[in-house]
Amino acid sequence: FFFGYELQPKIRYATTPPEGYVLRVSQAALAKPCAEGERNQVIVYVKKEKFVVCNLIGLRVEHASLDLVFEAQKQIEFFVNGSTPVHFTGYYNKIDDIFGEDELTEEERMIMEAGGLDDSSEEEKESKSVVVPKAVVSKKNVEKDSDDEELLKYKFTEVKPKEEVKPKEKVKKEVK
């Protein structure tokens, strides 16, 4: 299944590939023209670590071929440090299509079924506030599969920073 999303600058996006699938991101491209030399960094956050995966530069480097594979049921976040939106495209692959059942060891199969290893605590997972816009998923020229309907329900989320809670101002009462 095709995956495509327009990442707006300065907004952090999060996604978790559905169970049984990996997300393979294959290209990042400027969504519209920008000034010559204007730099837009595409950043990926995986397991609390930050990685710059490409720099898109106006009139010089306007797209980048990528080969990033993200495992099922693991949250990943994307961010554009710049001022121009970036199209992030790729596709979902069934895990069985990548690793045939015969090629996995029992331990690897158990890790895959359990969603891999996760270092984050439940508190950290629940601490994020998210808004859920729909992702672009296309099933054109793809045979219908029993898992297709579940994949089409997939969501891409925008991570919102936590709001600061300001203390209430004290109200002075006049005593007569």
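# Close-up views of a predicted model

**Figure 1. Surroundings of A28 in the predicted model.** Apart from neighbours within four places in sequence, A28 is in contact with V42, C54, L56, E62, H63, A64, L66, V86, H87 and F88. The structure shown here and in every other view is a predicted model.

**Figure 2. The largest nonpolar core.** This core has 24 residues, and the members that touch the most others are A28, L56 and F88. Two or more core residues come from each of β1 (2-7), β3, β4 (39-46), β5 (49-57), β6, β7 and β8. Strand β3 gives the largest share, 5 residues.

**Figure 3. Strand β7 and its partners.** Of the 6 residues in β7, 5 are buried, and the strand is thus described as mostly covered. Strand β2 pairs with β7 in the antiparallel sense, over 3 bridges. Strands β4 and β7 also run antiparallel, and 6 bridges join them. Which residue of β7 is the bridge partner of V44? The partner is F78. Y13 likewise stands opposite F78 in β7.

**Figure 4. The salt bridge between R12 and E77.** A search of the whole structure finds 2 salt bridges. In the one formed by R12 and E77, the closest N and O atoms are 2.4 Å apart. R12 belongs to strand β2 (residues 12-15) and E77 to strand β7 (residues 76-81), so the pair ties together parts that are 65 residues apart in sequence. Are the two residues of the pair buried or exposed? R12 counts as partly exposed because its relative accessibility is 31%. E77 counts as buried because its relative accessibility is 4%, under the 20% cut-off.

**Figure 5. The salt bridge between R24 and D67.** The side chains of R24 and D67 meet in a salt bridge, with an N to O distance of 3.0 Å. This pair links distant parts of the chain, since R24 is in strand β3 (residues 21-30) and D67 is in strand β6 (residues 63-70), 43 residues apart. R24 is partly exposed, with a relative accessible area of 22%. D67 is exposed, its relative accessible area being 57%, which is over the 50% cut-off.

**Figure 6. The aromatic pair of F3 and Y92.** The whole structure contains 4 aromatic pairs. One of them is formed by F3 and Y92, whose ring centres are 5.9 Å apart and whose planes stand at 80 degrees, so the pair is edge-to-face. F3 lies in strand β1 and Y92 in strand β8, and the pair links these distant parts of the chain, 89 residues apart. F3 counts as buried because its relative accessibility is 0%. Y92 counts as buried as well, at 3% relative accessibility.

Figure 7. F78 is in strand β7 and F88 in strand β8, 10 residues apart. Both residues are buried. Ring pairs link F70, F78 and F88 into a cluster. F88 is also one of the core residues that touch the most other members, and F78 is the bridge partner of V44.

**Figure 8. Surroundings of Y91.** Y91 has its place in strand β8 (residues 86-94). With a relative accessible area of 31%, Y91 is partly exposed. Leaving aside neighbours within four places in sequence, Y91 is in contact with F1, F2, F3, V22, L23 and R24. Where do the C-alpha atoms of Y91 and F3 stand relative to each other, and what is their separation? The two residues are 88 residues apart along the chain, yet their C-alpha atoms are separated by 4.7 Å. Another contact of Y91, R24, forms the salt bridge with D67.

**Figure 9. The whole protein, for orientation.** The secondary structure comes to 4 helices and 11 strands. Of the 176 residues in the protein, 34% are buried. Among contacts with a separation of 6 or more, 79% are between residues 24 or more positions apart. The protein exposes about 12,100 Å², and carbon and sulfur atoms supply 50% of this area.

Methods
Residues are numbered from 1 along each chain as its sequence is written. This is a predicted model: local features need pLDDT of at least 70, side-chain atom pairs count only at pLDDT 80 or more; totals for chains, interfaces and linings use all residues. Side-chain values use heavy atoms; hydrogens and water are left out. Buried means under 20% relative accessible area, exposed over 50%, partly exposed in between (1.4 Å probe, protein chains only). Contact means heavy atoms within 4.5 Å. A salt bridge is a side-chain nitrogen of Lys or Arg within 4 Å of a carboxyl oxygen of Asp or Glu. A nonpolar core is a set of buried Ala, Val, Leu, Ile, Met, Phe, Trp, Tyr and Cys residues joined through side-chain atoms within 4.5 Å. Two strands pair if DSSP finds at least two bridges between them. Accessible areas come from the Shrake-Rupley method with a 1.4 Å probe; for residues, only the protein chains shown count as cover. Rings of Phe, Tyr and Trp (its six-membered ring) pair if their centres lie within 6.5 Å; planes under 30 degrees apart count as stacked, over 60 as edge-to-face and the rest as tilted.
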